[in-house]
Amino acid sequence: MPRRAIAPAVLLAALSAAFPAAALVAASPAAAPVAPPQLAGTWTLVAVDNVLADGTRTQPYGPHPEGILMFDAAGRYALQILRAGRARYAANDKSRGTAEEYADTVMGTNSHFGRYLVDAGAGTLTFRIEHASYPNWEGTEQRRSFTLVDDLLTYTVPVTTTGGAAIGEVSWRRAR
């Protein structure tokens, strides 16, 4: 039996019905359900700044945050950001921390994982967040404008975990 070509629209409709994540691709013809080769891999955190409306910059994870971001070629990612030098729990027991220790842990940590899409034409990276250390982000889809210059990936976060009018700027360097 001869093979027949399938029209792209028919294929997209079938994929969207079978795989809801594929529906995101329909939003922009340039969007790709997997990473372009230049994003796949492991990235280490360079900086996290929140930029206030007046241009003032704050560092919610301190001057030397630590973190890792991993993109795989199948469209999954995992991201962790930690404030360096967080205090250890005096009781040496996570279930017996003080209110201050718990607050320091929460405010010094940002992590989430899920699926991602890259729209190279629009210069956007979309995180489909499945689970996050900040529960308000779970189940959300967040688009970030990004640039990639050599091995430096920088994106903006339009709504930060600290709320308000701040815009986040996050930079990552490719791990070697």
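Helices (H or I, at least four residues) and strands (E, at least two) are DSSP runs, numbered from the N terminus. On that basis the protein has two helices and ten strands, in the order α-β-β-β-β-β-α-β-β-β-β-β along the sequence. This is a predicted model, in which local features need pLDDT of at least 70 and side-chain atom pairs count only at pLDDT 80 or more, while totals for chains, interfaces and linings use all residues. Residues are numbered from 1 along each chain as its sequence is written, and side-chain values use heavy atoms, with hydrogens and water left out.

**Overall**
- Of the 176 residues in the protein, 32% are buried (buried is under 20% relative accessible area, exposed over 50%, partly exposed in between; 1.4 Å probe, protein chains only).
- Among contacts (heavy atoms within 4.5 Å) between residues at least 6 apart in sequence, 48% join residues at least 24 apart.

**Pockets**
- A pocket is an open set of points on a 1 Å grid over the protein atoms alone, where a 1.4 Å probe fits, with protein on both sides within 12 Å along at least five of seven lines; lining residues have an atom within 4 Å of a point.
- The largest pocket holds about 220 Å³ of space, a volume being the space filled by probe spheres set on the points, which are joined across faces, edges and corners.
- Its lining includes Pro 60, Tyr 61, Met 107, Asn 110 and Tyr 134.
- Helix 2 (99–107) and strand 6 (109–119) each supply at least two residues of this lining, and helix 2 gives the most, with three.
- The lining of the largest pocket has five nonpolar, six polar and no charged residues (Ala, Val, Leu, Ile, Met, Phe, Trp, Tyr, Cys and Pro count as nonpolar, Asp, Glu, Lys and Arg as charged, and the others, Gly among them, as polar).
- The second largest pocket holds about 190 Å³ and is lined by Ala 87, Arg 88, Tyr 89, Asn 92, Lys 94 and Thr 105.

**Backbone**
- Most residues other than glycine have a negative phi.
- Asn 92 has a positive phi of about 55° although it is not a glycine; Asn 92 is in the loop between strand 5 (76–82) and helix 2 and is exposed at 73% relative accessibility.
- Asp 150 also has a positive phi of about 55°; Asp 150 is in the loop between strand 8 (141–149) and strand 9 (152–157) and is exposed at 71%.

**Salt bridges**
- The whole structure has eight salt bridges (a side-chain nitrogen of Lys or Arg within 4 Å of a carboxyl oxygen of Asp or Glu).
- Asp 104 pairs with Arg 83, with the closest N and O atoms 3.0 Å apart.
- This pair links distant parts of the chain, Asp 104 in helix 2 and Arg 83 in the loop between strand 5 and helix 2, 21 residues apart.
- Asp 151 and Arg 176 meet in a salt bridge at 1.8 Å, N to O.
- Asp 151 lies in the loop between strand 8 and strand 9 and Arg 176 in the segment after strand 10 (167–174), so the pair ties together parts 25 residues apart in sequence.
- Asp 151 is partly exposed at 22%, and Arg 176 is exposed at 79%.
- Asp 49, Arg 57 and Glu 169 are linked in a network of salt bridges.
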